[in-house]
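Hello,

Here is the structure we talked about handing over. Please open it first, then read the notes below.

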Amino acid sequence: MNTVKTNAALQEARSKYIARGIGSATPCYISHGKGALLYDVEGNEYLDLGGGIAVMNVGHSHPKVVKAIKDQAEKFTHTCFMVSPYESSVKLAEKLCSAVPGDSPKAAMFANSGAEAVENAVKIARYYTQRSGIIAFDNAFHGRTLMGMTLTSKQKPYKFGMGPFAPEVYRMPFANCYRCPFNKEYPGCDLECAEHLEYFFINHVAAEQTAAVVVEPVQGEGGFICPPREYFQRLKKICEANGVLFIADEIQTGIGRTGYMFAMEYYGVEADLTTTAKSLAAGMPLSAVVGKKEIMDSVHAGGIGGTYGGNPVACQAALAVLDIFESENLLERSRELGERLRDSFLSLQKKYDLIGDVRGLGPMIAMELVKDRSTKAPAADETKALVSHCYKQGVIILSCGSYGNVLRFLMPLVITDEQLDRGLAVIDAGLAAISQ
Ligand SMILES: Cc1ncc(COP(=O)(O)O)c(C=O)c1O
């Protein structure tokens, strides 16, 4: 390919050489980034409120991450941990084992992507329990591999035409208070959605044949659906009583995204297995399953692994990320951002009828747009128009949700107050224009 410098030229070349099935939310081609800002090949600046889908919690090109990557690349980039191991992987596993909530001794394994971590968590759960059933939830997203896609709920675009899917996956309703599948209201509902698991064992898959339930603490792609605090406690209790493992998929919620290093800390639940990826290594491909040692160690040698899992460059980047969280008090900043965003969204909700719901945990927060607050008819076109308005004003923001009508915030946690205010002003103006 010749050297091409404009977004339009790159877009044209892309349409020739990149498979159509890979979509992009924006038509700009990035040349570099810093903190919460991105710059394209034409020199345009963007405020990044999407963080490459929840990956850049420590910000773009953080000097400590850049240095860690460079230093490691100069030493060695790969040996394969399964052939010749190295310290960074062990050190990172130790840190993750203490960061994941719960007092039980833990062990970790590394892989490359979120979906791969989910695959491994399912393998480990099945091996340990010697059961095959896996329960996932409405609106769930767990990746694009065969098991990840099977566990994922939304049909188009993720599953449509891609079957048959992996067997022994069952799906039950989730705790969705804005659109309650049981037509109840919290707290009067007494969490019927959690108790439903007992019914599920009777009518869908027997508990004795169920290896695990897989949950996102706050559903990400599904629309930032954030259950009441006691929901997971109830669910976990029923799982424990039936020897069913509890897998927390913290791929989007983890690494400080919700104001906690892992969101299950907020819910007061110790998962049996936790998956993490995305912001773990600031964009280097790295994921992990961290779980109770007894469960993790049940698998025979060679039963899990992979050529690149726990790559040394990615592990050093992840160690730098964890160091940045400490040295820059990013968890505190994350909570502060969460409060600021919630206040701002609630005042926007007073101004615009379009905003039906404001929800989330910490700065993992979203607003659901509806055409009418009483019918809650999803305002998908309006959401698209708002995302497009923001882009034209130099703000990259992502939508999500089963109906594509949820505006979600996944900005780097190092965003400045001034940048955040600028982004919010653009959104405010966009909502005003669309509401007319
Ligand atoms: C909760 C959750 N699980 C799994 C995945 C899949 O991760 P990856 O795209 O790295 O395979 C994602 C990605 O969005 C996710 O949000």
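By class, how many nonpolar, polar and charged residues does the shell around the ligand have? There are 6 nonpolar, 6 polar and 3 charged residues. Please keep in mind that this is a predicted model.

**Ligand shell**

The ligand is surrounded by 15 residues. G114, A115, G143, I251 and Q252 are the closest. Helix 5 (residues 114-129) gives the most to this shell, with 3 residues.

**Domains**

The protein chain splits into domain 1 (7-58 + 329-435) and domain 2 (66-327). Their centres, taken over C-alpha atoms, are separated by 25 Å. The contact between them takes 28 residues from domain 1 and 28 residues from domain 2. On the domain 1 side, at least two residues each come from helix 2 (51-54), helix 12 (330-351), strand 11 (355-361), strand 12 and strand 15. Helix 12 has the largest share of that side, 5 residues. By class, the domain 1 side divides into 14 nonpolar, 8 polar and 6 charged residues.

**L341**

Is L341 buried or exposed? L341 counts as buried, because 23 C-beta neighbours lie inside 10 Å, and the cut-off for buried is 20 or more. Leaving aside neighbours within four places in sequence, L341 is in contact with P363, I365 and F409. L341 and F409 are 68 residues apart in sequence, yet 9.0 Å apart in space, C-alpha to C-alpha.

**Helix 13**

Helix 13 (residues 380-392) has 13 residues. From first C-alpha to last it reaches 19 Å, close to the 18 Å expected at 1.5 Å a residue. T383, L386, V387 and C390 are buried in helix 13. Why do these four sit on the same side of helix 13? They do so because they cover an arc of only 95° around the axis. An α-helix has 3.6 residues a turn, so residues three or four places apart point the same way. The face of helix 13 turned away from the buried side carries S388 and K392, which are exposed.

What do the buried residues of helix 13 pack against? Their partners are strand 12 (364-369), strand 13 (395-396), strand 14 (398-400), strand 15 (406-408) and helix 14 (417-435). Strand 12 and strand 15 also supply residues to the side of domain 1 that touches domain 2. After helix 13 comes G394, with a positive phi near 80°.

Best wishes

Definitions and conventions: Residues are numbered from 1 along each chain as its sequence is written. This is a predicted model: local features need pLDDT of at least 70, side-chain atom pairs count only at pLDDT 80 or more; totals for chains, interfaces and linings use all residues. The expected span of a helix is 1.5 Å times one less than its number of residues. A residue is buried if 20 or more other C-beta atoms lie within 10 Å of its own, exposed if 12 or fewer, and partly exposed in between; C-beta atoms are placed from the backbone. The arc is that of the directions from the helix axis to the C-beta atoms. Two residues are in contact if their C-beta atoms, placed from the backbone, lie within 7 Å. A residue is near a molecule or strand if its C-beta atom, placed from the backbone, lies within 6 Å of it. Ala, Val, Leu, Ile, Met, Phe, Trp, Tyr, Cys and Pro count as nonpolar, Asp, Glu, Lys and Arg as charged, and the others, Gly among them, as polar. Domain bounds come from an automatic or database domain assignment.
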